[in-house]
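Today I am opening a new page in my notebook. I want to look at the whole chain before I zoom in on one pair of elements.

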Amino acid sequence: MSEFDLIRHYFTRATQHTNLSGGDDAALITIAANMELAISADMLVSGTHFFADADPYQLGWKSLAVNLSDMAAMAANPKWATLAIALPEVDQPWLSEFSRGFFACAEAFNVDLIGGDTTRGPLTISIQIMGEVPINQAIKRSGAKLGDEIWLSGNLGDAALALAHLQGKLTLATEAFTSCAMALHTPQPRVALGLALTGIAHSAIDISDGLLADLGHILERSNVGAAIYLKDIPHSPHFSFALAGLASSGVDSTRPYNTSVLGMLLAGGDDYELCFTASAEQHAEITRLSESLALPLSCIGKITTGKDLIVHGFNDEVLDFKEVGFDHFR
């Protein structure tokens, strides 16, 4: 199978938002009036972001979903994507499942694949996502204001639990692992929430590298500090037993952070939930939004003066951790 046969067979689908897509030297798209283009890109590398034997359907879904999460964080409506993929060989069963997962996600969120590239090399998946957002309405990291409440969607930590299980660092019961593995392998980008937060949220970010790291980006860009409370951070029942033990026995802050239960909750990453800030006056509106979207939204703290991120434990003690999230070069 030639390169162009591969593209035609596995990565060519009818488009809905595109004037001209795959087959020419460039795609052509038209942006709606009074809109601006939001663009982001992510790369997934075998051995760094996923195991070499990862399920190709799930990998296809996740490779697009993590990019859609960036659109959600900026209240952009995702519409177009390009895919560049390096393959060690042409494995047709693998490609069939990967493309099936990719297009399942694309169809679920109404996104056109409009072009890209293929080459031979170590398995690497690079996606650029593009979407529309009304001019001057994008939610940025730099908009947090003093006194804002800090909110989270969904639960944190399940993906980190599943990864720790796969790495042999802990053992989950079968039912718990199945649930946590869904969070790791097929994350659900919060696009509907991001769009609904227009005019409500002052700032937002998606949680990809860990809550402490990503909230830290908001604080840095907004030149503010924050206080968050461990008791208010949402997590699934799979964390309940371990956290109950910590609550009763206290936290050993000298323990290696990336192997602790709290490390997986606060800095494990791969959550792809939204963290956002909004005026306390919007509290009731956000609660109503949670109900209308059938999505848990939890207030976990407030924006403060200074530049520090303070984490309060179960007994209001201040927790001190050295590492706050994933870094590709550490």
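**Entry 1: inside or outside.** I call a residue buried when its relative accessible area is under 20%. With that cut-off, I looked up the protein chain and found that 46% of its 330 residues count as buried. I also note that this is a predicted model.

**Entry 2: surface.** The accessible surface of the protein chain came out at about 15,900 Å². Carbon and sulfur atoms account for 51% of that area.

**Entry 3: overall size.** I looked up the span of the C-alpha trace along its principal axes and wrote down about 60 × 50 × 35 Å. Does the radius of gyration of the protein chain agree or disagree with that of a compact globule? A compact globule with 330 residues would have a value near 20 Å, and the chain has 20 Å, so the two agree.

**Entry 4: parts list.** I counted along the protein chain and got 10 helices and 13 strands. Then I checked contacts between residues at least 6 apart in sequence: 86% of them join residues at least 24 apart.

**Entry 5: a helix pair.** To describe two packed helices, I need the angle between their axes and the distance between the axes. For helix α2 (residues 56-73) and helix α3 (residues 92-108), I noted an angle of about 35° and axes 6 Å apart. The crossing of α2 and α3 is right-handed.

**Entry 6: who meets whom.** On the α2 side I listed residues including Trp-61, Leu-64 and Leu-68, and on the α3 side residues including Phe-98, Gly-101 and Cys-105. Sorted by class, the contact of α2 with α3 has 14 nonpolar, three polar and two charged residues.

Key. Residues numbered from 1 in each chain as written. Predicted model: local features only at pLDDT ≥ 70, side-chain atom pairs only at ≥ 80, totals over all residues. Heavy atoms only, no water. Axes fitted to C-alpha atoms, helices over the stretch in contact; angles between N-to-C directions. Helix = DSSP H or I, 4+ residues; strand = E, 2+ residues; numbered from the N terminus. Left-handed = near helix turned anticlockwise from the far one by under 90°. Contact = heavy atoms within 4.5 Å. Nonpolar A, V, L, I, M, F, W, Y, C, P; charged D, E, K, R; others polar. Rg over C-alpha atoms; globule rule 2.2 N^0.38 Å. Buried < 20%, exposed > 50% of the residue type's maximum accessible area, 1.4 Å probe, protein only. Areas by Shrake-Rupley, 256 points an atom, 1.4 Å probe, with all protein chains shown as cover.
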